[in-house]
Amino acid sequence: MSGIALHTLNVLIGPLLGSVALFDVGVTAASLVGWGAPIAILLGLFSPLGHFIQTTPQGIADAFALLAISATLRSAHEQKKWMLPYALAVAALAAHPLAGFPALGVVMLVHSLTTLRNKTRVFAATSVTGALFAFPVVAFLTQSPIVTHLSFSGLRLRLWDFLVTMLHVTTIETFSPWRTLLYSGRTLFPFLFIASILFVLLRRSTTTAQRALGIGAAATAIGGVFLALFVHLANIPNYEQFIFPLRFVSLAALFVLPLFLVGAIRIAQKVSQQKTGLLFVAGILALSIPAAVYLAYPRIDPEDRSGGRSISSGTLDAVRIIHEEYPQHTIVLANQTAAAAEIWQYGF
C-alpha cells in the first residue's frame with residue numbers, strides 16, 4: 001500500500017525500531033540521574049546492537065518490550081499514563097509471544113507494586129512473578145510444536161554447558177592483543193552488568209519501580225535457566241538446545257538495561273570527578289562502542305566464527321535455482337537465511 005518494496009521494509013524496520021528503543025531507554029536512564037538527553041546517543045551505541053541489526057520477529061518484539069519497559073519507568077515516576085506501556089507490551093506480544101508475554105508481565109508487576117495497596121498488591125505481585133518464572137517451561141511443555149519432555153539427568157553438565165554458552169567463553173587460539181581484550185571483555189561483561197544493577201538496587205534511594213524491574217527480570221531469567229536444565233527439546237540438535245533459554249535470559253537483560261545504564265552513569269559520575277577518572281571513562285567508552293558494533297555483525301576470527309543470520313551470495317544462487325528449475329509447489333527444507341533470501345528476491 002505504501003509503495004515501499006518488501007525487502008526494504010525487511011531491512012529497515014528492525015534496525016530503526018531498535019535504534020528508537022535504545023535511544024528512548026537511554027533518555028529515560030539519563031533523566032533518572034539528572035543527565036541530559038545527548039548522553040543517550042552514546043548509551044545507545046554502547047547497548048546490545050546485535051538484537052536489532054536485522055528485522056526478525058524476535059528482534060522487533062524485543063524492541064517493543066524495551067520501549068514498554070522505558071515507558072513503564074516513566075509512568076511509575078509520574079503515577080499516570082499507564083496505557084502506553086501496556087500498548088507497547090501488547091505490540092511485543094503480537095510480534096512474538098516469547099518476548100511479549102514476559103514484557104506484559106513485567107509491566108503488570110511494576111504497575112501493581114507502584115499503585116495497589118495491602119493484600120491486593122501482594123497477591124498481584126506474587127501471581128505475576130510466579131507466571132514470569134513458570135512461563136518458559138510451561139510454554140514449551142504445553143503449546144510448542146517442538147517435541148519436549150522433562151529431563152532430570154546430567155543437570156551439572158547441562159548447567160556448565162549453558163553457562164559457557166551464555167558467557168561466550170572462548171579459547172584464545174592465536175594471541176592478538178585486541179582480540180584477547182575483546183573476547184575477554186565479552187566474557188566478563190555479564191558480571192559487570194550484574195554488578196552495575198546491584199549497585200542501583202541496593203541503594204536506599206532505589207524506587208519501587210526499579211526493584212520491581214529487578215524482580216521481573218530475575219524471574220524471567222531463572223525461568224529460562226530452568227528451561228535449559230529440565231526441558232529437553234527432542235527434535236533440536238544438542239548445539240541448539242540453549243537457543244530458546246538464552247532468549248529469556250537476554251530478554252531479562254533488556255528488562256534491566258535501564259538499571260544498568262543508571263548504575264553505569266552513577267559510577268561514571270563518581271569516577272570522572274577527577275581528570276584521570278574522566279580520561280578513564282572516555283577510554284572505556286571509546287573501546288566499548290566499536291567493540292559492541294564489531295561483535296554485533298558476522299565475523300570470522302580464530303576464536304569465534306559468527307556467521308549470524310547473514311544471507312550469502314551462495315544462498316541467493318540456491319534460491320534462484322530452486323525458483324527457476326523446480327515446480328512451484330516443491331517443498332524445500334531450508335533454514336531462515338534461505339527463507340529470507342526467497343522473500344527478498346520474490347516476495348511472499
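Patches are made of residues with over 30% relative accessible area and no salt bridge, where like charges are joined within 9 Å and nonpolar side chains (Val, Leu, Ile, Met, Phe, Trp, Tyr) within 5 Å. One such nonpolar surface patch, of about 340 Å², is formed here by I267, V271, F280 and I284. The model is predicted, so local features need pLDDT of at least 70 and side-chain atom pairs count only at pLDDT 80 or more, while totals for chains, interfaces and linings use all residues. Numbering runs from 1 along each chain as its sequence is written, and side-chain values use heavy atoms, with hydrogens and water left out.

**The chain as a whole**

- The protein chain holds 14 helices and four strands; these are DSSP runs numbered from the N terminus, with helices being H or I of at least four residues and strands being E of at least two.
- Of its 348 residues, 42% count as buried. Buried means under 20% relative accessible area, exposed means over 50%, and partly exposed lies in between (1.4 Å probe, protein chains only).
- The accessible surface of the protein chain comes to about 19200 Å², and 68% of that belongs to carbon and sulfur atoms. Areas come from the Shrake-Rupley method with a 1.4 Å probe, and for residues only the protein chains shown count as cover.
- Among contacts (heavy atoms within 4.5 Å) between residues at least 6 apart in sequence, 75% join residues at least 24 apart.

**Nonpolar cores**

- The largest nonpolar core has 54 residues, and those with the most contacts inside it are L66, V110, F255 and L257. A core of this kind is a set of buried Ala, Val, Leu, Ile, Met, Phe, Trp, Tyr and Cys residues joined through side-chain atoms within 4.5 Å.
- Helix α3 (residues 57-78) gives the most to this core, with 11 residues.
- Which residues does F255 touch, not counting residues up to four places away in sequence? They are A65, I69, P102, A103, V106, L213, A217 and T220.

- Helices α11 (257-271) and α12 (275-296) are the elements that give two or more residues to the nonpolar patch.
- I267 is found in helix α11, and its relative accessibility of 36% makes this residue partly exposed.

**Aromatic pairs**

- A pair of aromatic rings is described by the distance of the centres and the angle of the planes. Rings of Phe, Tyr and Trp (its six-membered ring) pair if their centres lie within 6.5 Å; planes under 30 degrees apart count as stacked, over 60 as edge-to-face and the rest as tilted.
- By this rule there are seven aromatic pairs. One of them is the stacked pair of F101 and F135, at 4.4 Å centre to centre with 20° between the planes.
- That pair links distant parts of the chain, with F101 in helix α5 (residues 97-115) and F135 in helix α6 (residues 118-142), 34 residues apart.
- F101 counts as partly exposed at 33% relative accessibility, whereas F135 counts as buried at 16%.
- F135 also pairs with F248: the ring centres are 6.1 Å apart and the planes stand at 75°, so this pair is edge-to-face.
- Because F135 lies in helix α6 and F248 in helix α10 (residues 243-255), the pair ties together parts that are 113 residues apart in sequence.
- F248 is buried, at 2% relative accessibility.

**Salt bridges**

- The count comes to two salt bridges, each being a side-chain nitrogen of Lys or Arg within 4 Å of a carboxyl oxygen of Asp or Glu.
- R74 and D24 meet through their side chains in a salt bridge (3.2 Å, N to O). This pair joins helix α3, which holds R74, to helix α1 (residues 6-32), which holds D24, across 50 residues.
- Is D24 buried or exposed? D24 counts as buried at 19% relative accessibility, while R74 is partly exposed with a relative accessible area of 30%.
- D317 forms a salt bridge with R320, the closest N and O atoms being 3.0 Å apart. The two are separated by about one helical turn because they stand three residues apart in helix α13 (residues 313-325).

- L32 is found in helix α1 and counts as partly exposed at 31% relative accessibility.
- Leaving aside neighbours within four places in sequence, L32 is in contact with L73, Q210, V262 and R266.
- The C-alpha atoms of L32 and V262 are separated by 7.2 Å, although these residues are 230 apart along the chain.
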